[in-house]
Amino acid sequence: MSHGGVRAVRAGRRTVEIQRPEKVLFPGRGGAKEYTKGDLADYYRSVAPYLLPHLRGRPLMLERYPDGLDGRRFMQKNIPGHYPEWIARTEVAKEGGTVTHVVCDDTATLLHLADQACLTLHRWLSRTDRAGGLHHPDRLVLDLDPPSGPERPGGAPGDDFTAAREAAGRLRELLDELGLPAVPMTTGSRGLHLVVALDGRHDFDEVRAFAHDVAEFAAARHPDRLTTAARKRDRGDRLYLDVQRNAYAQTAVAPYSVRARPGAPVAVPLTWEQVDDPGVDARRWTLADAVDQARTDPWAGALGRGRSLRRPQSRLAALRG
């Protein structure tokens, strides 16, 4: 229901108001499609059944564009005082104090965040509602960041996605050797993320050290294709294996999040068959069609069983000799 520049949207037991739903957040130029705040709210409402399982219990960092892509951007950790009291939140210790993060547990919260022009949801890899709490992640993420290239018309990435596709295959092979199933997803920006479900028994320091060792070993296996060099000038035309998200208080883009790029691309879970599809790149799915991909359930319960790192650590040590 709309009235006077406000649209009321029902979500479960709550009604959320979307202020100025006609406001353009993604300008339509250079071949890119235009999308409004109302479009963003409609998308997040539709994708909620598939997105919320990846958000529940996790502190969020919110990427907001109150005036659309052409306006200012800011990253929001601390929840503002004016947010409704029914929105879940969690207080997290930081050096010299605390930060109170949003925790998105329901569709109404998603809609409120859309009303706040929150385009992208960046989630912690740990949860408040698990044994060990926020210091013990239940996800490990490898970020496959391909060499940069000029952006093409309409906002399509100019990066060498073939490099990300090939690197994903190499990392999948290594993780299979270690006994760690991984699932892929587009970032909606440049490359791919590989996600591994963990059992939550290891703290962030141990998980990050393991991810670093995996990346180093993969780069040593394929030194002409892969690198762990943090400085861009040291990478050449090699794909960068980024493991920095596997640390306390760091975040990774959530599956089915919209990215702040022309055309509103979406970070989308894939099947391994889709990784090999030459028609797929980092921005293949957008706000217009990502829900169709979500309905296919590309990960099909693959993250249901979290794995210990004990045996993979031993196997990696054996491979390293």
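**Exercise 1. Find the ring of Trp 285 and work out which residue lies over its face, and at what distance from the ring centre.**

Step 1. Arg 284 lies over the face of Trp 285, at 4.6 Å from the ring centre. A charge sits over a ring if NZ of Lys or CZ of Arg is within 6 Å of the ring centre and within 35 degrees of the ring normal.

Step 2. Now go to Tyr 240: Arg 235 lies over the face of this ring, at 3.9 Å from the ring centre.

A word on the model before you go on. This is a predicted model, in which local features need pLDDT of at least 70, side-chain atom pairs count only at pLDDT 80 or more, and totals for chains, interfaces and linings use all residues. Residues are numbered from 1 along each chain as its sequence is written, and side-chain values use heavy atoms, with hydrogens and water left out.

**Exercise 2. Describe the aromatic pair of Phe 204 and Tyr 248: what is its geometry, and which parts does the pair tie together?**

Step 1. Start with the search: four aromatic pairs are found in the whole structure. Rings of Phe, Tyr and Trp (its six-membered ring) pair if their centres lie within 6.5 Å; planes under 30 degrees apart count as stacked, over 60 as edge-to-face and the rest as tilted.

Step 2. Tyr 43 and Tyr 44 have ring centres 5.2 Å apart and planes at 55°, so this pair is tilted.

Step 3. Phe 204 and Tyr 248 make an edge-to-face pair, with 6.1 Å centre to centre and 75° between the planes.

Step 4. Phe 204 lies in helix α4 (residues 204-221) and Tyr 248 in the loop between β15 (239-242) and β16, so the pair ties together parts that are 44 residues apart in sequence. Helices (H or I, at least four residues) and strands (E, at least two) are DSSP runs, numbered from the N terminus.

Step 5. Check accessibility: Phe 204 counts as buried at 4%, while Tyr 248 counts as partly exposed at 28%. Buried means under 20% relative accessible area, exposed over 50%, partly exposed in between (1.4 Å probe, protein chains only).

**Exercise 3. Explore the largest nonpolar core: which residues touch the most other members?**

Step 1. A nonpolar core is a set of buried Ala, Val, Leu, Ile, Met, Phe, Trp, Tyr and Cys residues joined through side-chain atoms within 4.5 Å.

Step 2. The largest core has 83 residues, of which Tyr 43, Tyr 44 and Leu 121 touch the most other members. Helix α3 (residues 161-178) gives the most to this core, with nine residues.

Step 3. Tyr 43 is buried, at a relative accessible area of 3%, and Tyr 44 is buried too, at 1%.

Step 4. Look around Tyr 44: not counting residues up to four places away in sequence, its contacts include Leu 51, Leu 110, Leu 121 and Tyr 256. Contact means heavy atoms within 4.5 Å.

**Exercise 4. Trace the open sheet of four strands: in what order do the strands stand?**

Step 1. The order is β7-β6-β10-β16, with antiparallel pairing. Two strands pair if DSSP finds at least two bridges between them.

Step 2. At the edges are β7 (74-76) and β16 (252-253), each pairing on one side only.

Step 3. Further in, β6 (residues 60-64) and β10 (residues 118-123) pair in the antiparallel sense over five bridges. Leu 60 stands opposite Arg 123 in β10.

Step 4. Helix α2 (residues 107-115) lies across β6 and β10, at about 125° to β10. Axes are lines fitted to C-alpha atoms, for helices over the stretch in contact, and angles run from 0 to 180 degrees between N-to-C directions.
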